[in-house]
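Visitor: Could you walk me through this model, feature by feature?
Guide: Gladly; let us have it in view and begin with the surface.

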Amino acid sequence: MKIFSIIIGLFILSCGLIQDKGNLPELLIMRELNKKGSSNYIPAKISITPTTNLRTSESGTSIQISVSINKAPTSDVNIKNITISDALEGKIDKTSLTFTSSNWNTIQIITVTGLDDLIVDGDKTYTISFDPSVSFDTEFNGLTINSLSITNVDNDTVDFVMTPITGLITSETGTSTNFTVQLTSPPTSTVTIPSITSSNTLEGTVYNSSFLLLTKGYA
């Protein structure tokens, strides 16, 4: 009878503790209900740096974008369809990334290189976009990655290029010399140089007294 009474007493005591959750630490209850509530739980995260003041140039200057995740996944984490909004202003060396349980703590690099469009159009902004992550690890599946805004610095100028500009020799026996004229960037319409003259017509004359430079006539 004493043994039976002790068992009954322990059962009643345990029921009382379960009903009176205020006697248990809140974190302990949360751990039992949801592992995500544990004191050492770390939410899954994809990080990208840098995200501001991103600049390439038409001279071919590149930048490197670092991509990382913050803990080992239970399944591969894929970042697919990394795209660039303007293929005339820049290019990327990777279109997808994969993080595994083996390489998850290795930063992966995307190199973005500026391209020269040969047009005097000023600095242009383009974006790098990412699809949401895909993984059978539910914590890493569907994470959104913000697009990156990058400025490509223009290096084109409006000018003429004449070659050669030295070593031009004629003679009084009638020897002639030649030089070419080109634009440094393509025009939107025909460019005319209406008058080409000699400073001393007793020493030499110009065969072509004018030029028409078409859109293909640039350096």
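**Reading the model**

Guide: Met162, Ile165, Leu168 and Phe179 make a nonpolar surface patch of about 390 Å². Patches are built from residues with over 30% relative accessible area and no salt bridge, joining like charges within 9 Å and nonpolar side chains (Val, Leu, Ile, Met, Phe, Trp, Tyr) within 5 Å. Areas come from the Shrake-Rupley method with a 1.4 Å probe, and for residues only the protein chains shown count as cover. This is a predicted model, in which local features need pLDDT of at least 70 and side-chain atom pairs count only at pLDDT 80 or more, while totals for chains, interfaces and linings use all residues. Residues are numbered from 1 along each chain as its sequence is written, and side-chain values use heavy atoms, with hydrogens and water left out.

Visitor: Where is Leu168 placed, and is Leu168 buried or exposed, or partly exposed?
Guide: Leu168 sits in the loop between strand S11 (160-163) and strand S12 (180-183). Its relative accessible area is 37%, so Leu168 is partly exposed. Buried means under 20% relative accessible area, exposed over 50%, and partly exposed in between (1.4 Å probe, protein chains only). Across the protein chain, buried residues make up 24% of the 219 residues.

Visitor: How many helices and strands are in the protein chain?
Guide: The protein chain has two helices and 14 strands. These are DSSP runs numbered from the N terminus: helices are H or I with at least four residues, strands E with at least two.

Visitor: In what order do the four strands of the open sheet lie?
Guide: Strands pair if DSSP finds at least two bridges between them. Here the order is S2-S10-S9-S5, with mixed pairing. Strand S2 (54-57) and strand S5 (83-84) stand at the edges with a single partner strand each, so one side of each has no neighbour in the sheet. S9 and S10 run antiparallel and are joined by five bridges; among the facing residues, Thr127 stands opposite Ser149 in S10, and Tyr126 has Ile150 as its bridge partner in S10. S2 and S10, by contrast, pair in the parallel sense over four bridges.

Visitor: Which residue in S10 stands opposite Thr56?
Guide: That is Asn152. Thr56 lies in strand S2 and counts as buried at 1% relative accessibility. The side chains of Thr56 and Asn152 also make a polar contact (2.8 Å). A polar contact is a pair of N or O atoms within 3.5 Å; within protein, one must be able to donate a hydrogen and the other to accept it, and residues adjacent in sequence count only if both atoms are side-chain atoms. Beyond its neighbours within four places in sequence, Thr56 is in contact (heavy atoms within 4.5 Å) with residues including Ile63, Val112 and Tyr126.

Visitor: How many salt bridges does a search of the whole structure find?
Guide: Side chains of opposite charge can pair when their charged atoms come close. The definition asks for a side-chain nitrogen of Lys or Arg within 4 Å of a carboxyl oxygen of Asp or Glu. The search finds two. In one, Lys71 pairs with Glu139, their closest N and O atoms 2.9 Å apart. Lys71 lies in the loop between strand S3 (62-69) and strand S4 (77-79), and Glu139 in the loop between strand S9 (124-129) and strand S10 (148-153), so the pair ties together parts that are 68 residues apart in sequence. Lys71 counts as buried at 17% relative accessibility, and Glu139 as partly exposed at 27%. Asp93 and Lys94 also meet in a salt bridge (3.2 Å, N to O).
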